[in-house]
Amino acid sequence: MKRIKLFVSTLLAFGLMAGALATPKMQAVFIKTYPAPKDSALAKAKCTVCHVKGKELNVYGKDLQKALQEKKTKDLTAEILKSIEKLDSDKDSVSNGDELKAGTLPGDPKSKPAESKPAETPTE
Ligand SMILES: [Ca+2]
């Protein structure tokens with residue numbers, strides 16, 4: 001009996017975790033707030049703007065999650081996105097806001113605006 005209870009609560013925990021994942025709605029808010037040119041790193045990154053892979057968050061995703069928790073909400077808004085623009089989540093000395101405007105990734109120190117950009121990695 002104990003086993004079944006454990007199994008059910010594990011299932012429940014997974015269900016809750018899935019609920020905390022980024023939703024298409026979140027992505028839509030993000031794209032609306034930061035429209036990026038189609039060929040920019042930001043537009044190509046899609047989920048990896050905030051996630052390392054799957055549901056794991058990168059440094060920018062974690063800052064965003066913190067901002068959501070502070071507001072006690074799961075609904076991402078432009079206001080929440082903007083509240084972490086002054087931070088430099090990936091510590092590459094370019095603020096999140098500047099990176100997003102430039103179309104680079106605020107959660108990847110290797111991706112930053114042109115000026116001090118390292119050698120371009122070839123794209124397919
Ligand atoms: Ca940065």
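I am working on a predicted model, where local features need pLDDT of at least 70, side-chain atom pairs count only at pLDDT 80 or more, and totals for chains, interfaces and linings use all residues. My residue numbers start from 1 along each chain as its sequence is written.

Next I looked up the secondary structure and found 6 helices and 0 strands. Helices here are DSSP runs of H or I with at least four residues, strands are runs of E with at least two, and numbering goes from the N terminus.

Then I turned to the largest nonpolar core, which holds 13 residues; Leu42, Ala45, Val49 and Leu105 touch the most other members. Such a core is a set of buried Ala, Val, Leu, Ile, Met, Phe, Trp, Tyr and Cys residues joined through C-beta atoms within 7 Å. Both α3 (41-45) and α4 (59-70) give two or more residues to this core, and α3 gives the most, with 3.

My last stop was Leu76, in the loop between α4 and α5 (78-83). Why is Leu76 counted as buried? Because it has 22 C-beta neighbours inside 10 Å. Leaving out residues up to four places away, Leu76 touches Met26, Val29, Phe30, Leu68 and Leu81. I also noted that the C-alpha atoms of Leu76 and Phe30 are 8.1 Å apart, with the two residues 46 apart along the chain.

Conventions: Buried ≥ 20, exposed ≤ 12 C-beta atoms within 10 Å, placed from the backbone. Contact = placed C-beta atoms within 7 Å.
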